[in-house]
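Trainee: I would like to go through this model step by step. Please show it, and then begin with the terms.

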Amino acid sequence: MYWQATPPGPAEGFDLGGTDETLARLSTWFGAYGNVYRVFSPSRGAYFYVLNHPDDVRHVLLSNHRNYTKGEGMDRVRLLLGNGIMTSEGDFWRAQRRMIQPAFHRRVLARFDALIGAVNDRYAEVWAQRAARGEAIDVAAETSALTLEIVLRSIFGTDLQRLEHRLGANPFDVLATDTARDLRFAYRFRSLARLIGELAAQRRAGTEEHFDFLAMLMQARSREDGAPMSEAVLVDEIMTLIVAGHETTAAALAWTWYLIGRHPQTAERLQAEAEGARRANPGAAGPMGLEAAEALAFTRQVIQESLRLYPPGWLFTRRSIEADRLGGHLIGPRTDLFISPYILHRHPDFWDAPEEFKPERFASADSAERHRFAYLPFSVGPRHCIGENLAMFEMLVHISTMSRRFRLAPANDDPVEFEAQINLRPRSALMMTVEER
Ligand code: HEM
């Protein structure tokens, strides 16, 4: 095979990264240069490679993943999360992932049904009051507050209320109330680390049994030496779960409502599916379980299609350790690579009518024909999202619960603007009218 040393690329230099400008450039350059191109980074004095073909994605994220670290994009994330499993590398990452993975087993996640149900029921009551008053809701703010509550309660359990009581407010609310993700925010958020350390110390000193992620991570033992995580490591892992579990799910739900609001027929089908599931099991009291949620086939397709069009994790970065061959080109060691699910999810060679909202494309017969690596909202390979099943459970219950009870419609015709930073989020309020069915 013939290996071309240099792929095409724009003449001008540009520092790719988690910024709105990057998303705009990636879209334009994909049109101009296609599946693989390179861009000169003035700040690094080197070329970055952008990969838009699923075969190269498979190579980097799966087949040859050992040759890649997470690279460039993680420096900013590390300020916020420390050295948790999102940002760590090598043997340390592997050992931590092994210790944390059992906490995300389906049997464990199924036990969060009451918590997820209760938070959604409470929000449903608030939405009903807003509907009665004829007030619109900001779905971006609502889904942010709702997913924050679910993630915090799944991590801290009953300690969260005690903490709120003691401090007079929920100290982690800054995640929903302060939407900036700059250095100042990182500093404010990191100052919460002390509270997590204190909670862990109190639990160690007490005898109370807890069922939540903090308890599971405190009980986890290393396969190598049987030791628990040190306090500093535990704190970084908990901070990681809070941030990784909150903002992504919040953005995904906000985008899903945005799309549902613009497709009334979809809203009606969602309502019918939710109603049907309830009628099929009239005697079932209590919250929706994991299996029942996963059986909501159309609701799942709507969420999958929303994650295709607006993947919260819209840009992955990787850095090569040794030289490698990619997309017909040789790349050197320590080369920065960019993979954008946003671009891949709209690649015309792999998606029919990529700009259209068509949840049915995820019906099993259709999706079986698709390239497996053209769709990566939760990434693929060993570094794929540890929270995927939890996120899907949460989102299915939320969309189904609310669709059965309410009809949401856009409150105005304002075009929605993206904010493409660490996550792809709506830039401002997403106002929708809410009506009880
Ligand atoms: C819709 C919701 C979610 C989306 C779209 C999402 C997406 C992703 C993506 C794309 C990655 C890989 C990032 C990369 O390779 O650079 C990732 C990793 C991760 N996610 Fe999620 N995520 C979601 C929800 C969650 C939840 C609910 C949790 C936990 C409570 C979570 C915890 C993590 C962690 C810890 C990692 C790092 C895994 C590792 O490197 O071993 N995520 N997620």
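Mentor: Two strands pair if DSSP finds at least two bridges between them. Helices (H or I, at least four residues) and strands (E, at least two) are DSSP runs, numbered from the N terminus. This is a predicted model, in which local features need pLDDT of at least 70 and side-chain atom pairs count only at pLDDT 80 or more, while totals for chains, interfaces and linings use all residues. Residues are numbered from 1 along each chain as its sequence is written, and side-chain values use heavy atoms, with hydrogens and water left out.

Trainee: In what sense do S4 and strand S12 pair?

Mentor: Strands of a sheet pair through backbone hydrogen bonds, either parallel or antiparallel. S4 and strand S12 (residues 431–436) are joined over two bridges. Ile137 stands opposite Met432 in S12. The sense of the S4 and S12 pairing is antiparallel.

Trainee: Which are the edge strands of the open sheet of three strands?

Mentor: The order in this open sheet is S4-S12-S9, with antiparallel pairing. An edge strand pairs on one side only. The edge strands are S4 (137–138) and S9 (406–410).

Trainee: Which element gives the most to the shell around the ligand?

Mentor: The ligand is surrounded by 25 residues (a heavy atom within 4 Å), and Trp93 is among the closest. A polar side-chain atom of Trp93 lies 2.8 Å from an oxygen atom of the ligand. Helix H4 (90–100), helix H13 (231–261), strand S5 (316–320) and H19 each give two or more residues to the shell. With five residues, the one that gives the most is H13.

Trainee: Which side chain does His371 join in a polar contact of 2.8 Å?

Mentor: A polar contact is a pair of N or O atoms within 3.5 Å; within protein, one must be able to donate a hydrogen and the other to accept it, and residues adjacent in sequence count only if both atoms are side-chain atoms. His371 lies in the loop between H18 and H19. The side chain that His371 joins at 2.8 Å is that of Asp55.
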